[in-house]
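Let's take a walk through this one together, going from whole chains down to single residues. Keep the viewer open as you read.

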Amino acid sequence: MSGTGDEEPGGLGRLGRAAVDSPTAVDPLLTLILPVDHGHGAVLGSSAKQVRRQQLGLLLRSRTFLVGAAILLLWIVCAIFGGMFRPYDPLAVNLFTTNAPPSGVHLFGTDSLGRDVLSRAIIGSREILFVAPSSAALGTIFGTVMGLVQGYYRGLVDMITGRIIEAYLALPLVIAAFVFIVALGPSILTLVLVISITFGFLISRTVRTAVLLERDLDYVAAARLQGEGAMHNMFVEILPNVMGPIIVEFTVRLGYAIFLVATLSFLGFGVSPPTPDWGADIAANYQYLVAGYWWETLFPALAIASLITAINLMGDSIETVVIQ
Amino acid sequence: MGRYILKRLGLAILTLLLLSLIVFLAGQVLPGNPGRLILGNFASQRSVDILNRQLGLDHPVLLQYWEWATRIMHGNFGRSYQFQAPVISFLFPAAGRSLKLASLAFVIVVPLSILGGVVAALNRGRTVDRIISTIGLSLSTLPEFVSGIVLIVVFAIELKILPVSANAPPGSGVLIQLRYLLLPAIPLVLVLFGYIARIARAGTVEALESDYVRTATLKGLRRRTVIVRHMLRNSMLPTMTVVATQTGYLIGGLVVTETLFNYPGLGRLIYNAAVAKDFPMLEAGVLVIGVVYLTATLLADLLATFLNPRVRLQGFE
């Protein structure tokens, strides 16, 4: 996309020349999440803390945000305290009641080993709720540091890292994950590592673009003239002013992290079998769909869908508030 | 113009080289002991050492990369560990099958999502717009295997109007094959719809606010003419670029749908190679995907420049 001119309809224009002339292609999606002007005026006029408090207030009044937060909270409660209120032991095999349809005894039915589907769905949120947020958070930190360095120093550092990132991102994330999982051995740690590295690369592009727009503004020049070092300029001066896009990136990536963790555990690269897990349970039971035993697959699938919807609802409202 | 194309091409080749280096490091260096992988747990240490030497693993890493890269440039992707046969004999038939599935998904999703985006933009702020945007975005974040399962339950098991498997009986005609591929293609369509529609909507909204659309409207042209002749042309440019960048998501999605529907395409080949730690197969598959992705983005870039007269006539940076 680089070099197609900055007056192109569709949003690239907002980024201005600096971004368009860069060696790294800019994902047009980024232009949608990058605020046109994330309000230096506002930050300078009132204190940044006040703006944050206002934003929080707006969020708490948004119905979409609250619905999303409620669903997320439900799953977090299930993950932490689920052991206390699950109806059955999720690991208990009962070969007399295999593939039982939903009924009063087993609300969501039982799976091919006679295990209670509801209990497994309650406990099955544990891995995904740990891996997805931690990889999104690590990726955001990594991407922020990288984007700051790239955007601040520009030049050779930016060019070399930019090319490496572009090469790496030519692989779909699932495929990149395969390569690393196979090379390093499957484990939760590998999962977190590969997702956070990839997210870091993706996020660094957004941060870099935002930093490029900031670095030549007067307040940075003033800091430089005062003799402040690069570290101070990057983290104390520029960082607070590019927080908007970073927060939006985090929420967008969090949804995608859940997508990925679910997908990778469906493919067998998550927790190992007897442990309840939505993706892994679907993988273990979907072959029985043809026989009509839909409940053992459909309920974990709906659980994943509800979690993703919750994150999306929250992400959408956060995006709206931050951009406002 | 020629210079611009050369520059873009050069960058694409550089990216490909770097990608191959990443794949080489991950596939050949990180795992450590290919000899042990090939010969299995019961082979003696001595024969493992001999094989490792035969594979050139005692050479310095850069030399190894050079040997590996020249081998691949000659079309020799090595032998698959799991099948003990040349990788290439599996690679292309599988890629062909994936291409069929991916093309079907693209043929459905591109017109559909552009239509969705344009309709949403024309009804900006109204209920239609909100419905299209919300549904599109929610569906695009739903993993393919989740939507795939819901689709299987509804269309294959309850309504019984589409087959559960993606594999048509051998020798069946194109229409029958399409019928079998339809259900696996829909999850891919659902994932891509939201993104493309969103970009198409943004492009259309921007075009709607532009001076040339206002001029065309004030000239007294019919709304239809304004939309088709003046607006669509401009709003489709960014959309096309996005369609190309989505090939990455599409291929990632292929891995999942092909596994779910038991369809022997490239995605499933790579997945099986990953499960079996079949490094030559994995590397070859990953490289093919990288090449496809880079070619798609390159073509989209060039096409976008050709179609944009402002860029075409001005020359390039």
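Before anything else, a word on what counts as a helix here: helices are DSSP runs of H or I with at least four residues, numbered from the N terminus. Keep in mind, too, that this is a predicted model.

If you read chain B along its sequence, the pattern is simply α-α-α-α-α-α-α-α-α-α-α-α-α-α.

Next, how much is tucked away? In chain A, 57% of the 324 residues count as buried. For chain B, the buried part is 50% of 317 residues. As for surface, chain A exposes about 13300 Å², with 68% of that supplied by carbon and sulfur atoms. Chain B has an accessible surface of about 15400 Å², and there carbon and sulfur atoms hold 66%.

Contacts along the sequence are worth a look as well. Take the contacts in chain A with a separation of 6 or more: 73% of them join residues 24 or more positions apart. Do that for chain B, again with a separation of 6 or more, and residues 24 or more positions apart account for 72%.

The crossing is right-handed. On the H9(A) side, the residues in contact are A:Leu173, A:Val174, A:Ala177, A:Phe178 and A:Ile181, and they meet A:Tyr256, A:Leu260, A:Thr263 and A:Leu264 of H13(A). Sorted by class, the residues of this H9(A) and H13(A) contact are eight nonpolar, one polar and no charged.

A second pair in chain A is H7, residues 126-153, with H12, residues 230-238. These two pack at an angle of about 115 degrees, with their axes 11 Å apart. H7(A) also passes H12(A) in a right-handed crossing. Select A:Val145, A:Leu148, A:Val149, A:Tyr152 and A:Tyr153 in H7(A), and you'll see them meet A:Ala230, A:Asn233, A:Met234, A:Phe235 and A:Ile238 in H12(A). That contact of H7(A) with H12(A) has nine nonpolar residues, one polar and no charged.

H5 (residues 88-122) and H8 (residues 174-208) of chain B have axes 5 Å apart and pack at about 35 degrees. The crossing of H5(B) and H8(B) is right-handed. By class, this contact of H5(B) with H8(B) takes in 26 nonpolar, five polar and two charged residues.

Finally, some single residues. Back in chain A, where does A:Met314 sit? It is in helix H15, residues 295-323. A:Met314 has a relative accessible area of 15%, so it is buried, the cut-off being under 20%. Leaving aside residues up to four places away in sequence, A:Met314 touches A:Phe65, A:Gly68, A:Ala69 and A:Leu72. For a sense of distance, the C-alpha atoms of A:Met314 and A:Gly229 are separated by 37 Å, the two residues being 85 apart along the chain.

A:Arg154 is in the loop between H7 and helix H8 (155-169) of chain A. Its phi is near 50 degrees, a positive value in a residue other than glycine. Is A:Arg154 buried or partly exposed? At 34% relative accessibility, A:Arg154 counts as partly exposed.

The other is B:Asn262, in the loop of chain B between helix H11 (247-260) and helix H12 (266-275). B:Asn262 is not a glycine either, yet it has a positive phi of about 60 degrees. With a relative accessible area of 45%, B:Asn262 is partly exposed.

How values were computed
Residues are numbered from 1 along each chain as its sequence is written. Chains are lettered from A and ligands numbered from 1 in the order in which they are written. This is a predicted model: local features need pLDDT of at least 70, side-chain atom pairs count only at pLDDT 80 or more; totals for chains, interfaces and linings use all residues. Side-chain values use heavy atoms; hydrogens and water are left out. A crossing is left-handed if the near helix is turned anticlockwise from the far one by less than a right angle, and right-handed if clockwise. Contact means heavy atoms within 4.5 Å. Ala, Val, Leu, Ile, Met, Phe, Trp, Tyr, Cys and Pro count as nonpolar, Asp, Glu, Lys and Arg as charged, and the others, Gly among them, as polar. Buried means under 20% relative accessible area, exposed over 50%, partly exposed in between (1.4 Å probe, protein chains only). Accessible areas come from the Shrake-Rupley method with a 1.4 Å probe; for residues, only the protein chains shown count as cover. Axes are lines fitted to C-alpha atoms, for helices over the stretch in contact, and angles run from 0 to 180 degrees between N-to-C directions.
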